[in-house]
Amino acid sequence: MKEQHHEYEDLPGTWVFDAQRARKGYPLNNFFMSLMKEDNRKAFLADESNYLSQFKMSDAQRDAVLNRQWNTMLELGGVVYCLAKLAFTDQHSYQYMAAEMTGMSEQEYVDMMLAGGRSVDGWRSKSETKENAQGDEV
Amino acid sequence: MAKITAGIGCSHTPAIGAAVDLGKTDTDYWRPMFEGFEASKKWMQETAPDVVIMVYNDHNNAFDFKMIPTFAVGCADEFPIADEGWGARPVPIVKGYPELAAHIVQSVILDEFDLTIVNEMEVDHGLTTPMSLMFGQPDAWPVRVIPIAVNVVQYPPPTGNRCYNLGKALKKAVESWDEDLNVAIFGTGGMSHQIQGPRAGLINKEFDKNFLDDLSRDPERLKDIAHLEYMREAGAEAVELVMWLVMRAALGEKVDEVYRFYHVPASSTGVGHIILKADNDE
């Protein structure tokens, strides 16, 4: 079966939660949803691997959760609002999670936001982002 | 006759709720944003609507992934506050208006909008943070609320045009309710923001300003903005702005802009706020 290409896949640094991604992410998102109950949050933190075994997620999804690989969780069908429930369970803020996704420290991220946020210039398409990155000597 | 007299556009974020609940509204970080809503709270007190129609989105709190309704109307007596992962916000329970909600559902479905009817639903920060910003911290909310939840989580949300037309149908529905009621309608979410992936933190002030300008002057342009344009120009989550179009169209053609406020940042979000008065004599 061939999956269709969509224009929004050209957005850089973004995984749009569309119907195909929703399909793959279903067990992963069900895990996140379970963290809306205090007892479940405690059970998860007490033994993460064991807790995760009740959800039919892929090995890659499980590893991404255990290692808090936020972007991988998005790529594998996690919804950002659901990921946030894991961040909250870890006693972190939304802002912390967003900073982790960008590879910045939380303070760097806060400073960027206080300075007006990330400019859209250079971030409209994957090709534009690539051109930009080549201009930067890291 | 019931009338929609005013529309309120207002962003929502969990962090705004946390700042209110933890008494942080007067810190250096938050003061500039909360000051922008002082005039709005005063206006709200003077306007004293009987009912609020709250067009907002749920963030996977009331709705999980078993079912994803595109438009869902809350028809319950009351709506408890959801525990989003850190305990429920300590805000009053939200009281509904089931009789009017039932009337709206009936009217709007016959107007060819196939809404989902919800008789039990918790509400999350998408609904409660605009309430806090506009009503402060009362012991009980001074208004009854009809929540209309719009799917903006799984792509695609309804189009701007569909939202705009829903607003028109809501106006018709409210005006056919035989009770003198002052109804205000909220469009929440936005403005520019992206809270996921390496592109998180994106803000486009110019896009937001143009959107606010046209909300008053040229809403017909806004209804044709494609999802991709919102996402590309103003961040993946900026597509929430389609909900503001429901609010705008429910006010009729002409509006008076009463108040406007814009502030960056609230966490990752460009906070936009506008109050529009409906010109009901048109």
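The legends below describe close-up views of a predicted model.

**View 1. The open sheet of chain B.**
In this view of chain B, 8 strands form an open sheet in the order 6-3-7-2-8-1-10-9, and the pairing within the sheet is mixed. Strand 6 (116-118) and strand 9 of chain B stand at the edges, and each has a single partner strand, so one side of each is left without a neighbour in the sheet. From one strand to the next, the twist averages 20 degrees. Strands of a sheet pair through backbone hydrogen bonds, which may run in the parallel or the antiparallel sense.

**View 2. Strand 1 of chain B and its pairing with strand 8 and strand 10.**
Strand 1 (residues 2-10) of chain B runs parallel to strand 8 (residues 181-188) of chain B, and 8 bridges join the two. Within this pairing, B:C10 has B:T188 in strand 8 of chain B as its bridge partner. Strand 1 of chain B is also joined to strand 10 of chain B, here by 5 bridges and in the antiparallel sense, with B:A6 standing opposite B:K277 of strand 10.

Strand 9 (residues 255-266) of chain B pairs with strand 10 of chain B in the antiparallel sense over 9 bridges, and the bridge partner of B:F261 in strand 10 is B:H273. The hairpin made by strand 9 and strand 10 of chain B has 2 residues between the strands. B:S267, found in the loop between strand 9 and strand 10 of chain B, has a phi near 60 degrees, a positive value in a residue other than glycine. With a relative accessibility of 9%, B:S267 counts as buried.

**View 3. Two helices of chain B that pack on the sheet.**
In chain B, 8 bridges join strand 1 to strand 8 in the parallel sense. Helix 4 (residues 98-110) of chain B packs on the sheet, where it touches strand 2 (51-56), strand 3 (71-74), strand 6, strand 7 (144-150) and strand 8 of chain B, and the direction of this helix makes about 40 degrees with that of strand 7 of chain B. Helix 6 (residues 160-175) of chain B also packs on the sheet, touching strand 1, strand 2, strand 3, strand 7 and strand 8 of chain B, and its direction makes about 145 degrees with that of strand 1 of chain B.

**View 4. Backbone geometry in loops of chain B.**
Most residues other than glycine have a negative phi, and most peptide bonds are trans. The peptide bond from B:Y155 to B:P156 is cis, with omega near 0 degrees, and B:P156 has its place in the loop between strand 7 and helix 6 of chain B. The peptide bond from B:G190 to B:M191 is likewise cis, with omega near -5 degrees, and B:M191 is placed in the loop between strand 8 and helix 7 (205-217) of chain B. In the loop between helix 4 and strand 6 of chain B lies B:E112, a residue other than glycine whose phi takes a positive value near 80 degrees. B:E112 is exposed, with a relative accessible area of 64%.

B:S132, in helix 5 (residues 125-135) of chain B, is buried, with a relative accessible area of 5%. Leaving aside residues up to four places away in sequence, B:S132 touches B:V20, B:R89, B:V91 and B:W141. B:C75 is buried as well, with a relative accessible area of 12%. The closest cysteine sulfur to that of B:C75 belongs to B:C163 and is 18 Å away, too far for a bond. Over all chains the count of disulfides comes to 0.

**View 5. The interface of chain B and chain A.**
Here 41 residues of chain B are in contact with 45 residues of chain A. Between them, chain B and chain A bury about 3,700 Å², of which 63% is on carbon and sulfur atoms. Across this interface there are 2 salt bridges. A:R124 forms a salt bridge with B:E233, and the closest N and O atoms of this pair are 3.0 Å apart.

Notes: Residues are numbered from 1 along each chain as its sequence is written. Chains are lettered from A and ligands numbered from 1 in the order in which they are written. This is a predicted model: local features need pLDDT of at least 70, side-chain atom pairs count only at pLDDT 80 or more; totals for chains, interfaces and linings use all residues. Side-chain values use heavy atoms; hydrogens and water are left out. Helices (H or I, at least four residues) and strands (E, at least two) are DSSP runs, numbered from the N terminus. Buried means under 20% relative accessible area, exposed over 50%, partly exposed in between (1.4 Å probe, protein chains only). Contact means heavy atoms within 4.5 Å. Two strands pair if DSSP finds at least two bridges between them. Axes are lines fitted to C-alpha atoms, for helices over the stretch in contact, and angles run from 0 to 180 degrees between N-to-C directions. A disulfide is a pair of cysteine sulfur atoms within 2.5 Å. Buried area is the accessible area (1.4 Å probe) that two parts lose on being put together, summed over both. A salt bridge is a side-chain nitrogen of Lys or Arg within 4 Å of a carboxyl oxygen of Asp or Glu.
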